[in-house]
Amino acid sequence: MSTVTQKAPSRFGYATHLSCRECGHTCPIGSGHACAECFGPLEVAYDLPQLTRDAIESGPLSMWRYASLLPVPPDVAAAPNLDPGWTRLVRADQLASVLGMRELWIKDERGNPTHSFKDRVVGVALAAAIELGYKVLACPSTGNLANAVAAAAARAGMRSVVLIPADLESQKVIGSAVFGCALVAVRGSYDDVNRLASELADERDDWAFVNVNVRPYYAEGSKTIGFEIAEQLGWRLPEQIVVPVASGAQLVKIDKAFRELVATGLVDDTPYNVFGAQASGCSPVAAAFRAGQDVVQPVRPATIAKSLAIGNPADGPYVLDVVRRTGGLVADVGDDELVDAIRLLAATEGIFAETAGGVTLAVLRQLLKEGQIDPDARTVIINSGDGLKTPDAVADSIGAITPIQATLEAFAAHEHAHREPAQREPEHGNGGPA
Ligand SMILES: *Cc1c(COP(=O)(O)O)cnc(C)c1O
Ligand SMILES: [Zn+2]
């Protein structure tokens with residue numbers, strides 16, 4: 001324990017107020033999510049304590065080891081919750097050698113309770129919703145958030161309502177409904193669903209829409225991905241990181257996490273580039289980046305990467321700020337490339353990523369080819385979800401499987417017809433792990 005006197009945390013930890021990301025206007029910690037002066041989005045602000053690595057390392061094996069950097073009660077881990085986070089950071093040497101890279105890591109978010117990083121954001125939103133007196137946990141979702149809200153609410157003994165686009169993958173529909181939530185499939189895109197949720201949030205006083213009216217708290221949960229990456233790298237920041245972008249909150253908060261680790265003295269202030277990854281069928285932030293614009297023009301999504309299919313991303317402009325400030329960029333890849341990338345990751349590292357993870361790896365691959373990413377720098381990519389929720393994305397490329405008779409002859413004939421392809425050549429340079 002430090003001998004310097006520190007303020008005792010409140011029920012919102014070391015969070016002190018909400019502050020407008022546009023005009024800086026502040027308001028007390030509470031239910032607000034839009035600025036009273038300019039309607040800009042509010043963000044949680046803190047009086048951060050000084051922390052030691054030892055204190056964090058002796059904390060729970062979940063994202064709650066970082067509770068003191070979140071707007072949650074100090075005893076948050078004691079309340080019934082799903083204990084998300086502390087997922088694996090996997091050193092991907094075989095994939096690195098195919099790509100001609102030296103040091104590549106995958107933050108594998110499949111390890112979360114409902115198999116995506118959304119359990120982290122819901123963890124914080126749920127804790128805040130309880131402190132703020134909400135009775136129902138709700139969300140508009142592209143799928144993974146619905147799974148996370150429904151499961152976390154069940155565990156906390158709360159009612160939940162999730163709104164999804166009607167064309168969602170059945171794995172994600174069933175993976176929500178099983179938890180006993182009220183599930184509403186809406187005709188239209190995610191952006192239509194989101195608009196309906198905003199209207200409902202105005203009308204239902206005791207409903208916490210995790211990513212709408214408690215969004216300032218929700219978004220903070222993504223910081224824990226950044227905290228964990230640094231700790232798992234031995235309390236160092238990566239030099240390059242590639243993050244999938246839908247609303248953009250995850251990317252923005254990973255950067256915020258790195259800056260808070262520096263501010264609290266937990267890591268050295270070393271430079272890093274943040275890269276954003278989108279699918280070409282829904283790439284409004286990549287388009288704005290390329291056009292050199294600060295505003296993001298909404299698009300109508302058309303991609304198999306449904307977890308990234310947000311045509312009007314709330315954090316789009318802040319993503320542009322982060323990538324420009326850190327010397328990164330936002331790029332996009334087509335559906336064929338993302339499917340290839342899912343299969344490459346699976347075949348080299350034994351990780352079955354969902355479409356969002358495929359987008360992220362495919363963008364890394366493209367940026368290596370274009371010479372926009374340094375193959376020798378310490379690089380982390382995020383696999384934000386689980387391929388078992390989006391198997392249809394790769395089903396066609398795998399093709400039909402024809403059964404054989406249970407005889408040695410039939411097996412030999414099958415083996416002959418399916419000879420292994422030749423060894424892969426490195427795609428980039430002649431590198432490989434040092
Ligand atoms: C929601 C989601 C994202 C995007 O997160 P944002 O914070 O909205 O940018 C990425 N990957 C998966 C698997 C998701 O479910
Ligand atoms: Zn404002």
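1. A search of the whole structure finds 28 salt bridges, a salt bridge being a side-chain nitrogen of Lys or Arg within 4 Å of a carboxyl oxygen of Asp or Glu. This is a predicted model, in which local features need pLDDT of at least 70 and side-chain atom pairs count only at pLDDT 80 or more, while totals for chains, interfaces and linings use all residues. Residues are numbered from 1 along each chain as its sequence is written, chains are lettered from A and ligands numbered from 1 in the order in which they are written, and side-chain values use heavy atoms, with hydrogens and water left out.

2. One of the pairs to inspect joins Arg 120 to Glu 228, with 2.8 Å between the closest N and O atoms. The pair links distant parts of the chain, since Arg 120 belongs to helix α3 and Glu 228 to helix α8 (residues 223-232), 108 residues apart. Helices here are DSSP runs (H or I, at least four residues), as are strands (E, at least two), and both are numbered from the N terminus. Arg 120 is buried, at a relative accessible area of 0%, and Glu 228 is likewise buried at 0%. Buried means under 20% relative accessible area, exposed over 50%, and partly exposed in between (1.4 Å probe, protein chains only).

3. How far apart are the closest N and O atoms of Arg 204 and Glu 203? The distance in this salt bridge is 3.1 Å. Arg 204 is partly exposed, with 32% relative accessibility, and Glu 203 is exposed, with 54%.

4. Asp 332 and Arg 290 also form a salt bridge, their closest N and O atoms lying 3.0 Å apart. Asp 332 is in strand β12 (residues 330-333) and Arg 290 in helix α10 (residues 284-290), so the pair ties together parts that are 42 residues apart in sequence. Asp 332 is buried, at 13% relative accessibility, whereas Arg 290 is exposed, at 55%.

5. Salt bridges also link several residues in a network: Glu 43, Glu 220, Lys 223, Lys 253, Lys 256 and Glu 260.

6. The protein is divided into domain 1 (3-80 + 118-219) and domain 2 (88-114 + 222-394), with bounds that come from an automatic or database domain assignment. Taken over C-alpha atoms, the domain centres are 22 Å apart. In contact across the boundary (heavy atoms within 4.5 Å) are 39 residues of domain 1 and 41 residues of domain 2.

7. The area buried between the two domains is about 3500 Å², and carbon and sulfur atoms give 48% of this. Buried area is the accessible area (1.4 Å probe) that two parts lose on being put together, summed over both. On the domain 1 side, Arg 53, Tyr 66 and Arg 120 lose the most area to domain 2, together 20% of what that side buries.

8. Between the domains there are 9 salt bridges and 25 residue pairs in polar contact, with both residues at pLDDT 80 or more. A polar contact is a pair of N or O atoms within 3.5 Å; within protein, one must be able to donate a hydrogen and the other to accept it, and residues adjacent in sequence count only if both atoms are side-chain atoms. Elements that each supply at least two residues to the side of domain 1 touching domain 2 include β3 (42-46), α3 (118-131) and α4 (144-156). Helix α4 gives the most to that side, with 4 residues. By class, that side has 18 nonpolar, 7 polar and 14 charged residues. Here Ala, Val, Leu, Ile, Met, Phe, Trp, Tyr, Cys and Pro count as nonpolar, Asp, Glu, Lys and Arg as charged, and the others, Gly among them, as polar.

9. Trp 235 is found in the loop between α8 and β10 (240-244) and is buried, at 7% relative accessibility.

10. Thr 16 is in strand β1 (residues 15-20) and is partly exposed, at 32%. Leaving out residues up to four places away in sequence, Thr 16 touches Lys 7, Ile 29, Ala 45, Tyr 46 and Asp 47. The side chains of Thr 16 and His 17 make a polar contact at 2.8 Å.
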